[in-house]
Amino acid sequence: MTLTTAPLTRRGLLLTGAALGAGILAGCTSTPPQDAPTPAPRDAAPDPTGVQAQGDHYGVGLYNTRQVADELMWIDENVQPLDGDRKRILITGSTAGAGQLAAAYLLKRGHTVVAHARNEQRAADVHRDLPGLEDVVIGDLLDLEQTRALAGQINALGRFDVIIHNAGEYGLPDSDLLNSNSLAPYLLTALVTPPRQLSYLSSDLHLGGGLRLDEVRSGEGIGYGDSKLHMAMIATAAARLWPDRQVNAVAPGWIPTLMGFHNGNTTTPDSLRDGYMTQVWLAEGVEPGSDVTGEFLFHQQVETRVNELVYDTRAQDQLLAAYAERTGVAFPTEG
């Protein structure tokens, strides 16, 4: 397998406030162009819960763009099984967008994949779209009690080789963003039996983020950029505290998923394929350089423009302490 890196087209946007605010987002999604082909519909078979999948195959216009649907069809038609070790992989937020693309690609490569859905409807959708999944775990990361229960579901399935913390929200109230994008990945990291490898989806918007320790402790809420800084800091803290694990933060870029066009954008500058292939590259670990750990990556390269707090060990410890105070769950120092 040869993985290519797209030109770093977002670099010119980083200094443009409007573009930065518009959304160089993790796990992005958006309104598709009208001239893109629609995937052929399939019969919507019920998932194991008895819920019927919604819309046409891959949910164009409902939970995916046509660009994502086209990429899912490309994966189905072109990706070949891996000639090597197969892994057991869990991906949160994998019913649409970059998470679903990574899940589809890894499935076609022959890995065992468990998806995560926020509710039974989205579980039915991904069961229909990716019929080769081993299982789908269900839990809404906006609700911390559901997140704790989700950790229990994951542990009940047994140990994983790789967990990709892909799930994330955008455009919600600050209190919701704190739960879904900061406290939830922390709880899942602390409560789930740690795999050999973890990846956390961040964003270039982490550059404007802050620690917001008082807001974490109080539950008052944080901004999107803050939450994506927190995701990156969870990754670098885990890499430091669990030196026998491979842990990284990943920015997928500004890609054409529904979140990518959330603010009314009609185009995105980054490659959709490159937006999920770093997660695949790390998970498989067969290409040169894919054994990297403790870094912030963009398109299979170590990112040089990173908020200084990401690698600040004192700040990491302060954030973990605030999480423990808020949730009552301490970060395990031994993975």
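Helices (H or I, at least four residues) and strands (E, at least two) are DSSP runs here, numbered from the N terminus. I'm working from a predicted model, where local features need pLDDT of at least 70, side-chain atom pairs count only at pLDDT 80 or more, and totals for chains, interfaces and linings use all residues. Residues are numbered from 1 along each chain as its sequence is written, and side-chain values use heavy atoms, with hydrogens and water left out.

**Entry 1: helix 10**

The expected span is 1.5 Å times one less than the number of residues. Its 15 residues should therefore span 21 Å, and the end C-alpha atoms are 21 Å apart, which agrees.

Next I asked which residues of helix 10 are buried (under 20% relative accessible area; exposed is over 50%, partly exposed in between; 1.4 Å probe, protein chains only). I found A315, Q316, L319, L320, A322, Y323 and T327. They cover an arc (of directions from the helix axis to the C-beta atoms) of only 160°, which puts them on the same side of helix 10. Exposed R314 and E325 sit on the face turned away from that buried side. Covering the buried residues, I noted helix 5 (144-156), helix 6 (174-191), helix 7 (213-218) and helix 8 (224-241), among others.

I traced eight strands in an open, mixed sheet, in the order 3-2-1-4-5-6-7-8; strands pair if DSSP finds at least two bridges between them. Strand 3 (135-138) and strand 8 (301-302) are at the edges with a single partner strand each, so one side of each has no neighbour in the sheet. Strand 7 (residues 296-298) runs antiparallel to strand 8, joined by two bridges, and F298 stands opposite Q301.

**Entry 2: strand 5**

Is strand 5 (residues 197-201) enclosed or open? Five of its five residues are buried, so it is largely enclosed by the rest of the structure. Q197, S199 and L201 point one way, L198 and Y200 the other. Strand 4 (residues 162-165) runs parallel to strand 5 through four bridges, with I164 partnering S199.

Technical notes. Contact means heavy atoms within 4.5 Å.
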